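Student: I would like to learn how to read a few features of a protein model. Please give the general idea each time, then the case at hand.

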Amino acid sequence: MGVTPKIAPSMLSSDFANLASEAKRMLDFVADWLHMDIMDGHFVPNLTIGAPVIESLRKHTKAFLDCHLMVTNPIDYVEPLGKAGASGFTFHVEENWHELIQKIKSKAMRPGVALKPGTLIEEVYPLVDSENPVEMVLVMTVEPGFGGQKFMPQMMDKVRVLRKKYPSLDIEVDGGLGPSTIEMAASAGANCIVAGSSKFGAAEPGTVIYPICETVFWKIRRNVDIILTAKIKAYMFLIYQIITHCMIDWSHIISFEIQ
Ligand SMILES: O=C(CO)[C@@H](O)[C@H](O)COP(=O)(O)O
């Protein structure tokens, strides 16, 4: 099973005074998800939105609200965000992740785990390999806290390792993504792409969203093709072995078919 591209504008770069129309504008340009950055001014030095804003936005859209929690004690946010209509709940690696994942799922949200640039990739393996796993890994490509920062290409090693280990996992990248960096992220194996300033800063967001979507689509397709080719080769080899082992005389069958 392959993964699909998910294009998620980061609403942090939108005009908060017009959130509903900004969301609609992005969805009209075929964005798949809306990325909502929830910051508490403590886990990161910035303060943004919380459950009341998600609840207000939910009244205007059915879109997947991909919430990224940059907060201390994310468990306190599960209940209010679930009620408010959040769809995804991505938290930073926590000690009580077992309980957190369970609670997120019990509120019908999709759990994800985020990695700051300094977090080791090994820290997320137990959460993906668990019997009750997260469904997405978010690899931060900037230090969390603010939009408009420079993409960190060295984070692509994490994406590559994750994609190799988990071919059908949703892998999201966030920070500094746009037309000039998408090739690196998509080639490494990211399929969920968060981008804020590049989309909201463009006169025509479609000129940013479409190339991003297209690049991710073709990279994923290429990977699917590679997997399919390998499978076809394996089946052909198996058939060849069966035929040679059973010593079937194909000339009868072939001549029968031709007649
Ligand atoms: O979570 C964050 C920042 O902490 C991001 O979602 C940014 O909002 C991405 O913005 P750009 O780098 O695309 O402007």
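Predicted model: local features only at pLDDT ≥ 70, side-chain atom pairs only at ≥ 80, totals over all residues.

Student: At what angle do helix H2 and helix H3 pack?

Tutor: Helices and strands are DSSP runs (H or I of at least four residues for helices, E of at least two for strands), numbered from the N terminus. Axes are lines fitted to C-alpha atoms, for helices over the stretch in contact, and angles run from 0 to 180 degrees between N-to-C directions. Here H2 (residues 51-58) and H3 (residues 75-84) pack at about 15°, and their axes are 8 Å apart. H2 is therefore roughly parallel to H3; that term covers angles under 35 degrees, with over 145 being roughly antiparallel, 65 to 115 roughly perpendicular and the rest oblique.

Student: Which residues make the contact?

Tutor: Two residues are in contact if their C-beta atoms, placed from the backbone, lie within 7 Å. H2 contributes Ala51, Ile54, Glu55 and Arg58, and H3 contributes Pro80, Leu81 and Ala84. By class, 5 are nonpolar, none polar and 2 charged. Nonpolar means Ala, Val, Leu, Ile, Met, Phe, Trp, Tyr, Cys and Pro; charged means Asp, Glu, Lys and Arg; the others, Gly among them, are polar.

Student: Where does UniProt place the feature "active site"?

Tutor: UniProt positions follow the numbering used here, feature names are shortened, and annotations may be inferred rather than shown by experiment. The unreviewed entry puts "active site" at Asp37 and Asp174. These span 138 residues in sequence, yet no two of their C-alpha atoms are more than 10.7 Å apart, so they gather at one spot.

Student: Is Asp37 buried or exposed?

Tutor: A residue is buried if 20 or more other C-beta atoms lie within 10 Å of its own, exposed if 12 or fewer, and partly exposed in between. Asp37 is buried because 24 other C-beta atoms lie within 10 Å. Asp37 sits in strand S2 (residues 33-39). Beyond its neighbours within four places in sequence, Asp37 contacts Ser10, Leu12, Thr48, His68 and Met70.

Student: Where does Asp174 lie?

Tutor: Asp174 belongs to strand S7 (residues 170-174) and is buried, with 28 other C-beta atoms within 10 Å.

Methods:
Residues numbered from 1 in each chain as written.
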